[in-house]
Amino acid sequence: MMWKLYPASEFPNFQDQWQSLNKDRGNSPLLDVKFILPLMDKFSSGSEKIVLLGDPEKPEIMAVIAPTAKGVWASFQPSNAPLGLWLSRKKALDIPAVKSLIKQLPGMAIALGITQQDPLFMTRPDTEKSVASLDYITTAHIDFPEKFDDYWALRSKNLRHNMKRQRNFLTKNHIETRLEIYSRGEQMKQAMMDYGKIESSGWKGQIESAVTQGDRQSQFYEQMLSAFSNSGESLVLRYYYNENLVATDLCLLRDKILYILKTTYDETIKGTSPAHIMRFEYYQTALASKLLKRVEFYGPLKDWHKKWTNEARVIFHSNIYRNNFIALAHKITKLIG
Amino acid sequence: MTVIEDVREILKTTLQIGERADDIEADTPLLGNIPELDSMAVAMLITAIEEHFDIFVDDDDISAETFETFGSLCEFVEEKLAE
């Protein structure tokens, strides 16, 4: 099995092949070239390789991988990418093909990690001597029935009461709410400026992990959302209490599936959860207009997710080893302690 | 080069221990003595030995004793070459 390796900078030359594989595998916007190109532009270190198996015009497998430690490679996985960059024509992971790739990587490669894979797009392999299949996170999703009321009736009494209480609180305090949606390319700069302003004033700002205006994260989201706006798939939810922007979600919407990529809200707000009220309102409106059938969160399952949905699945990593020696080596080194 | 020198060179490049490799003698302990020799490095070492000497190493061929000292590792390679 001959793999071809190219520098990551050549990705634009392979975007048709990548797109074709993604379409075969579920057509997720998170693996669309409109997502990958800005991701590589902003987060590539230059050490990544595009690897390709089969006819370069119609490859069977295509991935972007990078060395992570001596002898170890992994799919390119910046923190803003929910899924590792690995696509294959078949849903099952071709272990012999991956092993042959490991042998063809520069240096003495011993392992390759295929990170953050969604069981919707890749069948999870079994753990064996040279394959470690590991849980990464449990992520929630909502599959809506046709009508919002049918969905809402199935939620707990506690959640329904809580949302009603928040509404009453807003009315009592003369706070008018408004949902605004940005979807045009020229709106994305403002969307990211506002996002950064809210997030950097909260706890993420204190630990310096917030998106801040003009930083790499902010540039990535602006570039990526602008690219998706050309196909009408960008969606930035913005929620106001009177004239103040209090919550915003950065999303993609494809095939009636909403992918919530990033969310922030004004942490000084007491008594209500503006992000939840915003989503409640959006779900209600979008379902009424038949624009929505599913929401994907792609983040670690939290208690609040469980209130909004009963559905979740495990995102996994697969570590493939060149041979069986790693299991043996673990055993040997453990004996030494 | 002799087997001993070849194995020393493989240790040097695989573990990236530089000139420390030159001080290794037959009775120098490996596992537990060279901090770089973690499980990943052991796997890399076996793979490098397999490829360099064009030998086939089976799971049952090796144990902790194989990596006890530099001498035991070299002995293991010599035995495999003699098969």
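1. Between domain 1 of chain A and domain 2 of chain A there are 2 salt bridges, a salt bridge being a side-chain nitrogen of Lys or Arg within 4 Å of a carboxyl oxygen of Asp or Glu. One pairs A:Lys34 with A:Glu233, where the closest N and O atoms are 4.0 Å apart. The side of domain 1 of chain A that touches domain 2 of chain A consists of 6 nonpolar, 3 polar and 4 charged residues. In this scheme Ala, Val, Leu, Ile, Met, Phe, Trp, Tyr, Cys and Pro count as nonpolar, Asp, Glu, Lys and Arg as charged, and the others, Gly among them, as polar.

2. On provenance: this is a predicted model, in which local features need pLDDT of at least 70, side-chain atom pairs count only at pLDDT 80 or more, and totals for chains, interfaces and linings use all residues. Residues are numbered from 1 along each chain as its sequence is written, chains are lettered from A and ligands numbered from 1 in the order in which they are written, and side-chain values use heavy atoms, with hydrogens and water left out.

3. The domains of chain A are domain 1 (3-136 + 314-336) and domain 2 (145-292), with bounds from an automatic or database domain assignment. Their C-alpha centres lie 32 Å apart. Domain 1 of chain A puts 13 residues into the contact and domain 2 of chain A puts in 17, contact meaning heavy atoms within 4.5 Å.

4. How much area is buried between domain 1 of chain A and domain 2 of chain A? The figure is about 1400 Å², with carbon and sulfur atoms giving 64%. Buried area is the accessible area (1.4 Å probe) that two parts lose on being put together, summed over both. Within domain 1 of chain A, the residues that lose the most area to domain 2 of chain A are A:Pro29, A:Lys34 and A:Lys42, together 42% of what that side buries. A:Lys34 is also the residue that forms a salt bridge with A:Glu233.

5. For the two chains, 23 residues of chain B are in contact with 20 residues of chain A. The area buried between them is about 1800 Å², and carbon and sulfur atoms give 75% of that. On the chain B side, B:Met40, B:Met44 and B:Asp59 lose the most area to chain A, together 33% of what that side buries.

6. Chain B and chain A share 1 salt bridge: the side chains of A:Arg322 and B:Glu51 meet at 2.8 Å, N to O. There are also 4 residue pairs in polar contact across this interface, both at pLDDT 80 or more. On the side of chain B that touches chain A, α1 (3-15) and α2 (39-53) of chain B each supply at least two residues. The largest share, 10 residues, comes from α2(B). That side divides into 12 nonpolar, 7 polar and 4 charged residues. Helices (H or I, at least four residues) and strands (E, at least two) are DSSP runs, numbered from the N terminus.

7. Helix α1 (residues 15-24) of chain A has A:Gln17, A:Trp18, A:Gln19, A:Leu21 and A:Asn22 buried. Buried means under 20% relative accessible area, exposed over 50%, and partly exposed in between (1.4 Å probe, protein chains only). The buried residues of α1(A) pack against α2 (33-43), β3 (61-69) and β5 (86-88) of chain A. After α1(A) comes A:Gly26, with a positive phi near 125°.

8. A:His317 sits in strand β13 (residues 311-321) of chain A and counts as buried because its relative accessibility is 18%. A polar atom of its side chain lies 3.0 Å from the backbone nitrogen of A:Gln116.

9. A:His174 has phi near 55° and is exposed, at 68% relative accessibility. A:Asn242 has phi of about 55°, lies in the loop between β9 (234-241) and β10 (244-254) of chain A, and is partly exposed at 36%.

How values were computed:
A polar contact is a pair of N or O atoms within 3.5 Å; within protein, one must be able to donate a hydrogen and the other to accept it, and residues adjacent in sequence count only if both atoms are side-chain atoms.
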